[in-house]
Amino acid sequence: MKDVGSVRTAALRGDESRPGAFQASASIVQAGFFCWEIATGEISCDPLTLALHGMPEHGPSDITDFLAAVHESDLVDVRDALGLIAKSCGNYQIEYRVTSGDGRLRSLEARGRVLPGADGQPARMVGVVMDTTAVHERHEAERRRFHERATRDRWMRELTAALAAAVTVRDIMAAAQAGLRAFGADALAVIAPEGSRLAVVASCADDEQGEDSPHVLDATARTLVEEALDRRAPVLVGSADALVTDRPHLAPLARSAPQAWAALPLTDSRGRASSCLVSFPEPQEFLPEERALLVAAVGLLAQSLERAGMYESEHALATELQRGMLPRGPLTVPGVTIAARYQAATSGMWIGGDWYDAISLPDGGVALVIGDVQGHSVHAASLMGRLRTAVHAYANEGHPPAAVLERTNRLLTELNTDPDRALFATCCYIALNPADGTLRVCRAGHPAPALITPRRPPRLLEVPGGLPLGIDREQRYPTTRLRVAPGSVLALTTDGLLEAVDKDIDLGTERFLRGLRGAPTADLETVVDDLLAGTRREHGPGDDVAVLLARLDRPGRRG
């Protein structure tokens, strides 16, 4: 049988010699009998058949009058069905709708058998008319419940996947917001006791109700949350009337925008209690299946929020630890303008090994240093701190660039005594004399520095190098000597920036050089900020990044 509103004519198979050899397709509340004379259009029927069509007990009894009662959207199909009936004998079934006296649509089903006349041609149809409104409504309700169940099941799968991938509170609440409509809800808030008061820890609202996200709790919210916390059990209020019945003091608020509420208690891994309050714009039944899904969804949300809180705390700790190992404050050297930045990789305890430094040398020059210890861990960060200190000490002793790297390399190979914890590091060391612009450059497996001069586009310097630090204790590092003009800018970075473009170092290098155009006359602080902002915006920080820019000032000019 088709959905409500369809009209169907079907030959019902059975014993042609038994006029009554068919059965009703569903349990029928009311049924009337009829006989339709095809040639004259006259219909003989009982009062119930007339009543089902909204016609008076002694009303007309012609097929035209019955067709007038059919809903206009079904009329064409009914006429076509009658045309088929008039052409051949057999069993037939028609489904159609009429408008009842109260304006509601009523579904009817006519089943009958077309009998032949003396000439063997179809002469009359006899059968019954049944009121199938209740059957259709029940089928429609079942279809709607099945659709809602499938939608919620799909949303639960999507929510589980989204919460598993989310690492920040913002991402988690965005996932929750996307699923509010699946439950027919319009707002959600996670609320926790803070001393003697309740505070909203996180909240979201349906897109259309975004401005009403419950940052401030009203009396209804506080009451329901306190009940859930006290009872340690869900508090479900299906309507405003139910709210007033059990809590008369909330009557003034019962006609506010929400019309149903669910307060569900939460407990984290440390035993701390909180509650999730969900509001609905329409009354709710809170059937057992819906209640179970709601409790499961809120439980997933609570676990994710706890994990996100730990992640963000760890990330703040990691970032502070990382920055504590880097130079504090601006790097200042006479005759040179320097801008440097460090950008962490991701949330959580992903402490990286990138570092930068500017070291005043005994001969009046400055050492520009950038390095990257393999991996992301507390061990990598600790090793980075030791290497930075070693480079700083060797440079202050007055050693030339190659000797600084060779001594640091031997130190790292001696530290790499445990094969399972051995790490290597890359480094680029530039000794710059601001007085005459001479450079001495050494590389240990690190990307080459870039040079930007006032009259030439940015380019990478052709600087031969050696193996990364910590691999070969006897490694030697060649030194490249050159001179740069005043106004020139040296740019050093780690591979986290160069590989930010889909891990393609060629594309990343091209983007890096393009971002350095105009650096000889620009504010270097702005240039380095723009380089990092472009990486975050377009590709996200897949690795930590260190950048150092240094401009040789023109005589009499600073900054």
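**Before you start.** This is a predicted model, in which local features need pLDDT of at least 70 and side-chain atom pairs count only at pLDDT 80 or more, while totals for chains, interfaces and linings use all residues. Numbering runs from 1 along each chain as its sequence is written, and side-chain values use heavy atoms, with hydrogens and water left out.

**Stop 1: the whole protein.** Colour by secondary structure and you will find 13 helices and 21 strands; these are DSSP runs numbered from the N terminus, helices being H or I with at least four residues and strands E with at least two. Of the 559 residues, 47% are buried, meaning under 20% relative accessible area with a 1.4 Å probe, protein chains only. Among contacts with a separation of 6 or more, 64% join residues 24 or more positions apart, a contact being heavy atoms within 4.5 Å.

**Stop 2: the largest pocket.** Select Asp 268, Arg 272, Ala 302, Leu 305 and Glu 306, the closest to the pocket's centre among its 19 lining residues. The volume here is about 560 Å³. A pocket is an open set of points on a 1 Å grid over the protein atoms alone, with protein on both sides within 12 Å along at least five of seven lines; lining residues have an atom within 4 Å of a point. Points are joined across faces, edges and corners, and the volume is the space filled by probe spheres set on them. Next, show strands S6 (187-194), S9 (260-267) and S10 (273-280) along with helix H8, each of which supplies at least two lining residues. H8 gives the most, with seven. Colour the lining by type to see nine nonpolar, six polar and four charged residues; Ala, Val, Leu, Ile, Met, Phe, Trp, Tyr, Cys and Pro count as nonpolar, Asp, Glu, Lys and Arg as charged, and the others, Gly among them, as polar.

Stop 3: Select Ile 43, Ile 63, Leu 82, Tyr 96 and Ala 110, which lie nearest its centre among 16 lining residues. Strands S1 (31-37), S3 (90-99) and S5 (122-131) and helices H2 (63-69) and H3 (72-85) each give two or more residues to this lining. H2 has the largest share, with three. The lining holds 14 nonpolar residues, two polar and no charged.

**Stop 4: the second largest cavity.** Its volume is about 110 Å³. Pick out Trp 155, Leu 180, Phe 183, Leu 188 and Ala 297, the closest to the centre of the 13 residues that line this cavity. Helices H4 (133-165) and H8 (288-325) each contribute two or more residues, and H8 gives the most, with four. Twelve of the lining residues are nonpolar, one is polar and none is charged.

Stop 5: Cys 276 is in none, and the nearest cysteine sulfur, in Cys 204, is 8.3 Å away. Cys 276 counts as buried, at 0% relative accessibility. Finish at Cys 442, whose closest cysteine sulfur, in Cys 428, is 8.6 Å away, too far for a bond. Cys 442 is buried, with a relative accessible area of 0%.

Key. A disulfide is a pair of cysteine sulfur atoms within 2.5 Å. Buried means under 20% relative accessible area, exposed over 50%, partly exposed in between (1.4 Å probe, protein chains only). On a 1 Å grid over the protein atoms alone, a cavity is a set of points where a 1.4 Å probe fits but cannot get out, and a pocket is an open set with protein on both sides within 12 Å along at least five of seven lines; lining residues have an atom within 4 Å of a point.
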